[in-house]
Amino acid sequence: MSLLSFTAASVAAQIAHARGCSTFLPNWNGPVGKPALILIVGNGVHLRSNGIDGSTTRIVTTERADPTYAFAKGINPFRDPDWMAARQVAFRDLTGQFYTDILDDVQMLIDRGHDTIRLATDGHTICVFLRRAADYLIGGTYDVPSGLGGTFRVILKDATDTHALVQNSGNCEDFDEMLPYRVPLDALIEIDDRRAA
């Protein structure tokens, strides 16, 4: 999983542009009737509005990019000398455009005063990454999805910006004897959080 960071102000400008348009770039399934954000991987990595306002209808992924788009930190060809290496780490050889379904979630974070928008991508999905490692308590007890339809109770051993190292605890004996393992950071569920696993 790769983690991309964008300044909230630059993303807010793209959202405002999308919401100010009445026609939109199509996605792979055909016409689109509402504002959205498109992630472009090519000449840098950036988010842009899907709105068409007459200034451009063209998405360029390899030749040129508009410096006003919301570029991922560290992957901006106008500012970062090692942007190609950073893009390679995040996406390997993949380039292209990805219509996202994140506009409302990103707007919620902007409205709450977040100054950085973080997206997680595994090459197939793009989602808003809400929390940071500092938001979790090392040694704290959490639940994580088990892959078997339920959850495991775990103790958080360590955390990075994208992953957590956890040890099963408080489950049946066989599961608690498992070695510590890594899970995506946002898979940690607060004990009093009732969201679906």
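Just after helix α3, glycine 113 takes a positive phi of about 95°, where helices (H or I, at least four residues) and strands (E, at least two) are DSSP runs numbered from the N terminus. The structure is a predicted model, in which local features need pLDDT of at least 70, side-chain atom pairs count only at pLDDT 80 or more, and totals for chains, interfaces and linings use all residues. Residues are numbered from 1 along each chain as its sequence is written, and side-chain values use heavy atoms, with hydrogens and water left out.

Helix α3 itself spans residues 103-111, and its buried residues are Leu103, Val106, Gln107, Leu109 and Ile110; here buried means under 20% relative accessible area, exposed means over 50%, and partly exposed lies in between (1.4 Å probe, protein chains only). The buried residues of α3 pack against α1 (8-19), β3 (37-42), β8 (116-121) and β9 (126-128), with contact taken as heavy atoms within 4.5 Å.

Strands β3 and β4 (residues 44-49) run antiparallel and are joined by six bridges, two strands being paired if DSSP finds at least two bridges between them. Within this pairing, isoleucine 40 has histidine 46 of β4 as its bridge partner, and a hairpin joins β3 to β4 through one residue. Strand β3 is also joined by four bridges to β7 (residues 96-99), again in an antiparallel arrangement, and the bridge partner of isoleucine 38 in β7 is tyrosine 99.

The strands β8 and β9 belong to an open sheet of three strands, which has the order β1-β8-β9 with antiparallel pairing. Because β1 (2-7) and β9 stand at the edges, each with a single partner strand, one side of each is left without a neighbour in the sheet. Neighbouring strands of this sheet are turned by 30° against each other on average, direction ignored; the axes are lines fitted to C-alpha atoms, for helices over the stretch in contact, and angles run from 0 to 180 degrees between N-to-C directions. The antiparallel pairing of β1 with β8 extends over six bridges, and phenylalanine 6 has isoleucine 117 of β8 as its bridge partner.

A salt bridge was counted where a side-chain nitrogen of Lys or Arg lies within 4 Å of a carboxyl oxygen of Asp or Glu, and by this rule the count comes to two. Arginine 19 forms a salt bridge with aspartate 104, with the closest N and O atoms 3.5 Å apart. Since arginine 19 lies in helix α1 and aspartate 104 in helix α3, the pair ties together parts that are 85 residues apart in sequence. Arginine 19 counts as partly exposed at 42% relative accessibility, while aspartate 104 is exposed, with a relative accessible area of 59%.

Aspartate 143 forms a salt bridge with arginine 153, with the closest N and O atoms 2.5 Å apart. Aspartate 143 lies in strand β10 (residues 141-145) and arginine 153 in strand β11 (residues 151-159), so this pair ties together parts that are 10 residues apart in sequence. At 11% relative accessibility, aspartate 143 counts as buried, whereas arginine 153 is partly exposed, with a relative accessible area of 31%.
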